[in-house]
Structure formats: structure tokens, C-alpha cells
Amino acid sequence: MTIPLTSNRRGPLSGLLVLELADEKGQFCGKMMADLGANVIKVEPPGGQNTRRVGPFLDDIPHPERSLYFWHYNTSKHSVTLNLDTADGKAIFGMMAGIADVIIESYAPDYLTSRGLGYDTLSRTNPGLIMCSITPFGQTGPWRDYQTSDLLHMGAGGQMASTGYNEEDVPDAPPIAPGGGNAWHMGCNFAYMSIMAALHYRHVAQEGQYIDVSIHEACHLTTEAAVPTYIYRGEVVQRNTGRHHSVGPSFASQIESSDGGWVQTTGSGGNPTPRRLRGLAEWMDTYGLAEDLLDDKYLDLDTFQASLPHINSVISEFIKQVPQEEAWRGGQKHGYPWGAIRTLDEIVEDEHLKERGFFTEVEHPELDRTFTYPGPAAIYNGSPWAISRRAPLIGEHNVQIFCEELGLSKGELTALAEGGVI
Amino acid sequence: MTKPRALDGVRVLDFTWVRAGPMATRWLGIFGAEVIKVEWPERLDSFRRNVVTVPTGIEPGPNSPGMFADQHVNKRGITLNVRSNKGMDILKRLIAVSDIVIENFSSRVMQSWGLGYEEQKKLNPEIIYVSMAGLGQTGPDHAYTTMGPSAQALSGQTFLSGLPGQPPAGWGWSYMDDSGGMYGAISALTALRHRDATGEGQHVDLSQMTTGITLIGSAFLDKTVNGRPSRRPGYPPGNRTTWPGTPVMNNYRGPTTAPHNTYRTSGDDYNAWCVIACFSDDEWTNLVNVMGSPDWAKDAKFTSLAGRLQYQEALDQGIESWTRTLDKYDVMERCQNAGVRAMPVQSSENRVEHDPQLKARGMFSELEHPVVGVRKVQNAPFRLSKNSVEINRHAPLIGQHTVEVMEGLLGISHREVAEGYNDGTFWPSGMPMYAYVEEALR
């Protein structure tokens, strides 16, 4: 069996066959592999994966084929349906697993093993198989069977302890979990990395292996200075409005511009120097708002460093008088790593992203429409990233894979459908 | 017997600094790559100057910040003056014997050194070159620089975090440095797979800001497909899925549901909070039972999802009146044992000292560092059945492995190396040397 379904044949992962049995916890890992050229077959329960029921939906009309959430996370994949609680479903899955390079799965620990589909069983006939489990807490430990969500991981993993508001800005505010499903992204990023490492090892040693990824640990490892600050100093960080956590007070770096936008100045980040300040101050002076920053005393490094609180507040007062776009680009032109706090309303119009080819048009032939999707994080100059097709419809490739590749007859397929297997 | 490492034999020449780049090579080192960090004492990595994580009682210096010690495990470190002809020549010899070159300078710095991809390729036809500039190597704004917070701002990550009607809360650290680091490793490993399959190297042009946009995909499609504006009432919805009093809609945090929020727990600790989410009527009924079936919760208006969304304020107040009486771990255990999703908001101290799951899984082990002493180090979130991902090498002291790498890897004679220390190739002329450097030179 060959499964000749890959269309991004030039991608760095072309030639790999990946089976994905994953909900929100693992689908992003499959997307990354599929857009980079792997042939990813999503094995969905009959009726479709539950992530098809998550909004937003096309034109706000809920339907399992209209979930924009599902669309985003399942680009370039193929779909078959299979009920793993039936003998036929298990047998068919076993056939596919026998020729797969990688299996990504996010079922509860023991789910596949209890159905005779664990790594030990599958690797007996396919010793090169790499299987990666992505679960809330990993396969072991006292919290192994606890139920979670994106929000819960952000709480337990430490994101919320670092994110929120100063009391003087928003009294009694709770710790905040940033949106967008990033707990799942963190887990999938590490899962993807481990699969790539295992593929290299297989290239060298000719053997596959089993990988156990914990989303909780992935989140825990994504809180930067919080843990080293505790380990090395015994100190616990506090939350600050729109900027880094800190031990004790820190300088506000998120400044509201004259047009009601916000500019992130990163505080003293970006290694400011007297020379850079001089350039910035000359520009501020064209607005008549440089205050005393053109004073030659700031060319002296010691004075400059001792005056940073004053310098920062003059810069902040300046930004308040200037429109967002003018302010952050002006800072950048003078070597300050500022950023505008943009919404997608601005991002989709960004000329820089357009020129880098970020915006990716994806055809939806079933709707006779084309939509703009986010492009890649990185440009692979030797083996391009591409969305080879829109997310699959439910079981869209059942005939191709079960009949044309695995050799089932249309009659057998009908029987499987009637028996609730596909 | 110790297990082999997945990336045994893969050599990474590491020009990264600050946070995002060093996190990329941290993961590559944990998979077993031989990471050689290239430094110069007169242009120190700013995290070697991170005084706020120098342990109390230890003299600040380039080898004492805790942040540096944590993010540079499993790497070697050399000092090399790339601004001298001799240093540049040695650098080229290092590129010739490496598999991966990785840097997170501003865009086109390597090009300005005469070491863009085409030049690297001449030195080593199969080289994998990963650049990690803020906005990438191409495009009208490529020369702009970012720190984590500005990359987050530009990518839309900052705006989707916070309470409606308040300033953005953003992320309380450089999320796009931690994640950007993962993508540095992801890019290098993906290109390595391509090279394993085809024998071809390549240049991967990663952008920290762009990476952030790929992590808000459903919001992106809601804009490009549905035309929904980001500036709208009730958005972002705090920790809720939808804000009471505003139109119910999906705000990109999974299924639209209530309860789905933070609640205060007992005590006055800064992090005395827990999070609870119910995704079905059954889970809500279980929560009512765990709370002891209080009268307010039995009110018919809460039995349906529509009702719980409509009366979300009252719902959250009721739940908090219960959680306030309990410790946050107690809330978790009671709820989880009854089939309700709940977790504590954990501080760094909670995670290091208390979290029984991290403890049972061996998240922390002890590692000795010559300057900061024996400290806990954070391990990997993945276990590979055939490969070790152990951390067994402390962060390099500045210039610790110069002699070892020059002699052992490049076969430069001991005499020539010593000469390089005198002529400013391996150490700035006139700068006092550390005892361990002199020791290595003996």
C-alpha cells in the first residue's frame, strides 16, 4: 500500500505517513506535519471528531463542516472514519498502523492499549513506528486521569500566576489566562519536536519508539523567569498590566497612544544606549516633546543609566501624544524594539506580511469559495511549507483509503457503514 | 545502561543570545545535539548580566545569573573574536564541521559578516541554517527588531488577553521567546529530517512575530472568513468563554460554556485562586453535588447551558462563595474525584515545591554548577522510550570549552591555541582571565 495522497510533495516531511487520532489536544501537531508535507490521515470517530463542533462557524451557522476552528487545525489532512470499539475498526486501524511512520494520539491513557492498539502491539509488526501520545498530564503520576481544558492548564501550568493586572490599574482583577488555545499549542510544539528527534534517531538506528508528552509540563516550561526566579532567589513573581511579571514594582511599558491604541515599549528592554536615545530624542523634538532628553548629560553612560526612570517617563508621555502607527514605527526607526498592540483588523492588511507571502489562499471547492488562512511561522527556503488542501470533510477519503489502498470492495464498505464501523 | 540520545552526532553552532534563541538550542541539547555556543566577553549575552536571578550571596558576574544557568544546560561554550581575521577563519572551520547553524540576531547580521546561507553553503554544502529574526529576513519591515512583548503585540497575541473594557493584559512574560525558541528547534529538526531524506541542507527563515499569528488561527479565520472585527463588546472575555451582558459568541477559547472562570479560594495568598470549567449538564450537576447542593445552585435557571450563560454573574458568585471556604488543592481534589474539571492557579513556588504530578514525573533534578552550586533544573516535558533526554551538563562558564573545542574538534595545536589567547582571538587583550580558562590552557 502506498497511500499516494500527498500534494505538498516538496515539503520537508514529504514521504511520511502519519495517522492522527486526536482532538483539540493533538490536532495542531498533525496540522504542522501536514502543512510541511507529511501525508496525515485523520482517523475520526463515525460522525466526525468532536472538534468539528467548536466555533466560530462559517457565517455563524453551526455545522460539523463549517467550523472555522476545525478548518484551521486540520488543513492539508485527509480524513477517514473508524469506530475503534468494533473488531473491524480495530483490524482496519491495525492495517494502517502497519505501514505508518508516525501515530499522533490524544486519547486518555490506556484507551488504545485496552483496545489492543497500544504501542507494544502495533510496533511488533512495524518496528519503525513512532507513536506520540499527547495527554494532559502524561501516562503516569497522581493527576494522570484528571480532566482538564485549555483554561485549566493555564492555571495549573503557571501562565495565570504571571498574567493579569496591577491592583492600581484594575482593582480585584483575577489572574488572566490569555485566549486562543495556547495550552494545546505548547503541548503540540513539544510533541512535534520529539517526533522529529525520533525520526532522526530512526534514520540512524532503524528503530521507532514511543513518546509520552505531558501538556501540563509543556505549560510549566513556558513561563520564562517565574521558575528560575524562585529556584535561584526564592522569590515569587507578581502580575503586571500588559508586561512582564516581576518581583516588586516595574515600569509600565504598555502606553496608550493619542488615537486610543496601545504601544508596547518593552520598558528598558532592547539594550537602549545613549546614542540611540539621542536619535530618538531628536525625532521627539520635531514634535516639541523631547523635554530635556537632548541634554548632553545623557551621552554619559552612567548618567544615562541612572536616569532611565525619568527617560522612560518622558518617552511614555510622548507616546500618549502620538498616534499608534507613527509612534511604534518611529521607535523602530531609531533602534527601539517597540510594537503596536494590533488586532487582526490591522494584521490582515499588513504589507510586510503580504510581501513575505504569509497570507495563504485556500480553496473550498464544496462551497465554491476561497478563504485567506494564516501562513507559516518560518519560510523553508529549500522545501516549502504549503496548505495542500482545506480541512477534510468527514470521512472524505474513506473510499480512497479503504477501497483503493486497503482493497476493500464497495460492498464491504457499505457493510462497514451499516455496521457503524465507519 | 544509559540510553542513546536522539541527536547524538548532530553538531549545532549556536550564535543565539537573550532568550528565544537559547531556548531553541536548550531543546536541541536535551535531545543530545552537541551545542557549541559562540560568545565574546566584550559583547555579553544580556542574560549573563541578568542580576535579578543571581542567587543572594553570590557575586554578580557572567557565570552567576540563574536564568542563564537554566536556559543553557547541555551546551558547551567558546569565546571567539569573529571581528578578527583569524577568528573569522576559525569560525568558518567550525561551520564546515557543523550540521546546524542557528542565530537570533537582527535580520541579515550574518550576511553582513559574509556568512549568509550561500557563503555557509560553500563551506559546508549540507549545512542547515536557521535564522530567528523578529520579522524575518525579507519584507519591508525586516530590519525592525523585537523583544518577546513587542512580537506578541504585533502578532495579535497581546490583544486577545484581558478583561473587556480594560487595557490588554497580554502575556506576563515573553511568551514569544519561549514559543519562539520552540520554533527555532522545530525549524532545525524539520530541516534535519529533510536532509536525512534528501541529503540537502537549507536556510530556514523564522519570524518571531509571524509565529505568534499562527497561534491565533481561529480568530484569524473569524476575521478573514466571517469579517468579524476584533474590537467588539465583551472581547476579550477575561477567563470566560463569553462575557455576560454581551452577545453570546465563540471567543476562541474552546466550546462556549459556563461556568468557565477563576474563583478565589481560602486564605489571603496572592495566588489563592482556582479555575473551574463545566462542558456539559452532567459536569454541572456533578459540581452542584460537590458543592453540597446549595439552594442557589438548584435554581431552575441554572439547569440549562442557556440559563448558565444568561445568569453567569450569579453563577460565578455562587461558585466563589463555595471555593472561598476551601484550599485550592482541596477544590481540585473534590471536583476531580466527582468528575468536575478544576485545577489550582499555581505559582512558581507551588509548582517547584508542591505540585505532586511534576514531582512524580521527575520534572526537577539536581545539577551542580561551579558558581551557583547545586540547584534544581527543569527537565523536558517529553519521555522517549529509546532515547535519553537527561540534563547532565551545566550551563557553560564563559569560554569554558574554547580549548577543548579548538584542540579536540578542530585539531589546533595547544601552542597555537595559547597564541590565540595572546593575540586576542580567544579572549580580549587586557581582560583578566578566569582561573578555569588558565587551567585549561596549562
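This is a predicted model: local features need pLDDT of at least 70, side-chain atom pairs count only at pLDDT 80 or more; totals for chains, interfaces and linings use all residues.
Local features need pLDDT of at least 70, side-chain atom pairs count only at pLDDT 80 or more, and totals for chains, interfaces and linings use all residues. Residues are numbered from 1 along each chain as its sequence is written, and chains are lettered from A and ligands numbered from 1 in the order in which they are written.

Me: Which residue in strand 12 of chain A stands opposite A:Val263?
Reply: Strand 11 (residues 262–264) and strand 12 of chain A pair in the antiparallel sense over 2 bridges. Opposite A:Val263 stands A:Ala340.

Me: Are helix 1 and helix 7 of chain B parallel or oblique to each other?
Reply: Helix 1 (residues 20–30) and helix 7 (residues 175–198) of chain B pack at about 50°, with axes 7 Å apart. Axes are lines fitted to C-alpha atoms, for helices over the stretch in contact, and angles run from 0 to 180 degrees between N-to-C directions. Angles under 35 degrees count as roughly parallel, over 145 as roughly antiparallel, 65 to 115 as roughly perpendicular and the rest as oblique. Helix 1 and helix 7 of chain B are therefore oblique.

Me: How do the residues of the side of chain A that touches chain B divide?
Reply: The contact, counted where C-beta atoms placed from the backbone lie within 7 Å, takes 133 residues from chain A and 129 residues from chain B. Helix 8 (residues 182–205) of chain A gives the largest share of the chain A side, 14 residues. Ala, Val, Leu, Ile, Met, Phe, Trp, Tyr, Cys and Pro count as nonpolar, Asp, Glu, Lys and Arg as charged, and the others, Gly among them, as polar. The chain A side divides into 65 nonpolar, 51 polar and 17 charged.

Me: What is the bridge partner of A:Ala378 in strand 6 of chain B?
Reply: Strand 15 (residues 378–380) of chain A and strand 6 (residues 202–207) of chain B run antiparallel, joined by 3 bridges. The partner of A:Ala378 is B:Leu206.

Conventions. Two strands pair if DSSP finds at least two bridges between them. Helices (H or I, at least four residues) and strands (E, at least two) are DSSP runs, numbered from the N terminus. Two residues are in contact if their C-beta atoms, placed from the backbone, lie within 7 Å.
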